[in-house]
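Thanks for coming. I will talk through one structure this morning, going from helix to helix and then to a few residue pairs. Please have the viewer open.

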Amino acid sequence: MSRRALVTLWALAGAVFAATLGSMLVPGVLPVFAQETGISMADVGRSNAVFGLAYAVAAPVIAWLVRRREPFRVLLVGLPLVAVVAVAVSQVDSAPQLMAVRVVQAVTVAAVVPMCTVHAGSIVAGAHRSRALSISFTGMVLSSLVGAPLGNLLAGAVGARATFVIAGGIAALATAAVLAVRSWQPALRTAGEQARRRESVASVVWASALVVLAATLATALLEGAATGGLNTFISPFLASATGASGALLSALLLCYGVAGLAGNGLLGGVADRWGPARVLTGLGIAAAASVACLAFVSGPLGAAVALLAWGFCSWAINPPLQALIVGNAGAHINVVVGINSSLIYTGTSLGAALASSRVQTGQLDSLPFLSAALFLGCAATAAVAWAVSSRARRRAAVLSQVEPTPTVQ
């Protein structure tokens with residue numbers, strides 16, 4: 001991977017961080033924002049659900065509308081709009097205004113994050129795709145990790161409205177970084193296309209690619225549900241299971257985030273070496289086992305170990321999953337990546353709904369088992385993708401009298 005490609009990937013990571021930060025700040029600024037604006041905390045919290053629904057609808061629609069446009073140019077338009085809308089959030093004074101602005105915010109984010117994924121996969125050879133996507137996705141992991149605590153810190157120091165203005169400034173800086181590498185992109189895309197053309201002897205036939213895509217998209221939906229359900233109630237679950245509160249509870253939650261950052265960063269290269277479908281299958285099984293262990297913890301130490309394992313496996317799923325989608329989407333890559341983004345948000349909402357129904361019936365302690373079952377579903381669908389892609393590549397290798405390449409299974 002060239003130096004310019006690496007710099008571009010980190011610029012894309014910055015764009016993803018800036019685009020997703022505004023939404024991740026909401027839990028941290030919620031009480032102060034409600035006080036400053038006069039909007040109820042319930043409505044401020046509900047605005048995140050509105051954001052998620054709007055994103056799930058907007059991502060595939062935007063991808064379809066811009067399917068003939070270069071992804072890099074699309075994100076260059078979307079990222080400055082993210083900055084403008086973040087400032088607009090700071091100016092709302094009523095719940096209807098907040099909901100409307102959050103819908104617009106979701107649309108702008110949907111014009112950035114999927115396009116970063118598509119572009120990251122297009123400027124590298126297939127053998128480096130998982131690593132490239134893990135770098136790009138680092139922005140999402142970081143915003144998830146620091147969003148709530150940063151929001152809480154800034155809201156207490158400068159106010160909630162000013163916090164969203166700062167988020168807009170960060171998006172403006174990310175726009176400048178992306179603009180700085182703009183001139184490199186035509187050459188990088190050409191180099192990426194040439195490298196993938198040389199690897200084309202190992203590509204799956206279209207019928208197998210459709211099956212792999214369907215299985216991978218199902219994996220994305222199930223992973224979103226597995227993570228979203230328990231994440232929604234992780235604080236009350238840990239408080240009930242371990243008695244943790246305050247700083248100790250924050251430290252436990254930090255274990256999940258830090259491990260997720262490590263998993264996302266380390267598993268990209270592993271997936272390139274061993275094949276994304278194979279690694280994705282193993283991660284689904286490992287995530288199921290680690291999250292199930294949370295059901296048996298009774299103290300902070302055991303919870304920390306389980307959270308570290310779960311965070312690592314859960315966030316490590318994204319690079320190989322995205323690599324499978326980008327590698328099999330063909331000419332419809334923009335639309336397929338948009339659909340994938342939509343399915344992740346839909347899965348998160350589905351998982352939260354399933355978890356809520358358990359909590360309402362007094363089954364808070366059963367949430368790890370629900371999450372584990374969904375992760376096993378991820379492993380099953382990923383195994384289908386692994387089996388089909390491996391079989392297709394073996395057949396292609398025999399037909400072309402070329403040995404199959406394990407790094408692209």
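In helix 14, the buried residues are Ala303, Ala304, Ala306, Leu307, Trp310, Gly311, Cys313, Ser314, Trp315 and Ala316. This is a predicted model, so please take every value as computed from it. An α-helix has 3.6 residues a turn, so residues three or four places apart point the same way. Helix 14 itself has 17 residues. From its first C-alpha to its last, helix 14 reaches 24 Å, close to the 24 Å expected at 1.5 Å a residue.

Stay with tryptophan 310 for a moment. Its relative accessible area is 0%, so tryptophan 310 is buried. What is the relative accessibility of tyrosine 256? The value is 11%, and because the cut-off for buried is under 20%, tyrosine 256 counts as buried.

Now the aromatic pairs. The count comes to five aromatic pairs. One of them joins phenylalanine 33 and phenylalanine 164, with 5.5 Å centre to centre and 75° between the planes, which is edge-to-face. Phenylalanine 33 is in helix 2, residues 26–37, and phenylalanine 164 is in helix 8, residues 160–180. The pair thus links distant parts of the chain, 131 residues apart. Phenylalanine 33 and phenylalanine 164 are both buried.

Tyrosine 256 and tryptophan 310 form an aromatic pair as well, and this one is tilted, at 4.6 Å centre to centre and 50° between the planes. Tyrosine 256 lies in helix 12, residues 246–274, and tryptophan 310 in helix 14, residues 300–316, so the pair ties together parts that are 54 residues apart in sequence.

The charged end of arginine 67 sits over the ring of tryptophan 64, at 3.7 Å from the ring centre.

Next, helix packing. Helix 2 comes back here, with helix 3, residues 41–65, as its partner: their axes come within 9 Å and cross at roughly 150°. Angles over 145 degrees count as roughly antiparallel, and helix 2 and helix 3 are therefore roughly antiparallel to each other. Their crossing is right-handed.

The other packing example is helix 6, residues 113–122, against helix 16. Here the angle is about 130°, with the axes 9 Å apart. Helix 6 and helix 16 are therefore oblique to each other. Helix 6 passes helix 16 in a right-handed crossing.

Helix 16 covers residues 333–360, which is 28 residues. From first C-alpha to last, helix 16 reaches 40 Å, close to the 40 Å expected at 1.5 Å a residue. Just after helix 16, glycine 362 takes a positive phi of about 75°.

Where does asparagine 264 lie? It lies in helix 12. At 0% relative accessibility, asparagine 264 counts as buried.

Is alanine 247 buried or exposed? With a relative accessible area of 65%, alanine 247 is exposed. Alanine 247 and alanine 13 are 234 residues apart in sequence, and 30 Å apart in space, C-alpha to C-alpha.

Leucine 221 is partly exposed, with a relative accessible area of 26%. Leucine 221 and serine 341 are 120 residues apart in sequence, and C-alpha to C-alpha they are 9.3 Å apart in space.

That is the end of my part.

Note on methods:
Residues numbered from 1 in each chain as written. Predicted model: local features only at pLDDT ≥ 70, side-chain atom pairs only at ≥ 80, totals over all residues. Heavy atoms only, no water. Phe/Tyr/Trp six-rings, centres within 6.5 Å; stacked < 30°, edge-to-face > 60°. Helix = DSSP H or I, 4+ residues; strand = E, 2+ residues; numbered from the N terminus. Buried < 20%, exposed > 50% of the residue type's maximum accessible area, 1.4 Å probe, protein only. Lys NZ or Arg CZ within 6 Å of the ring centre and 35° of its normal. Expected span 1.5 Å × (residues − 1). Axes fitted to C-alpha atoms, helices over the stretch in contact; angles between N-to-C directions. Parallel < 35°, antiparallel > 145°, perpendicular 65-115°, else oblique. Left-handed = near helix turned anticlockwise from the far one by under 90°.
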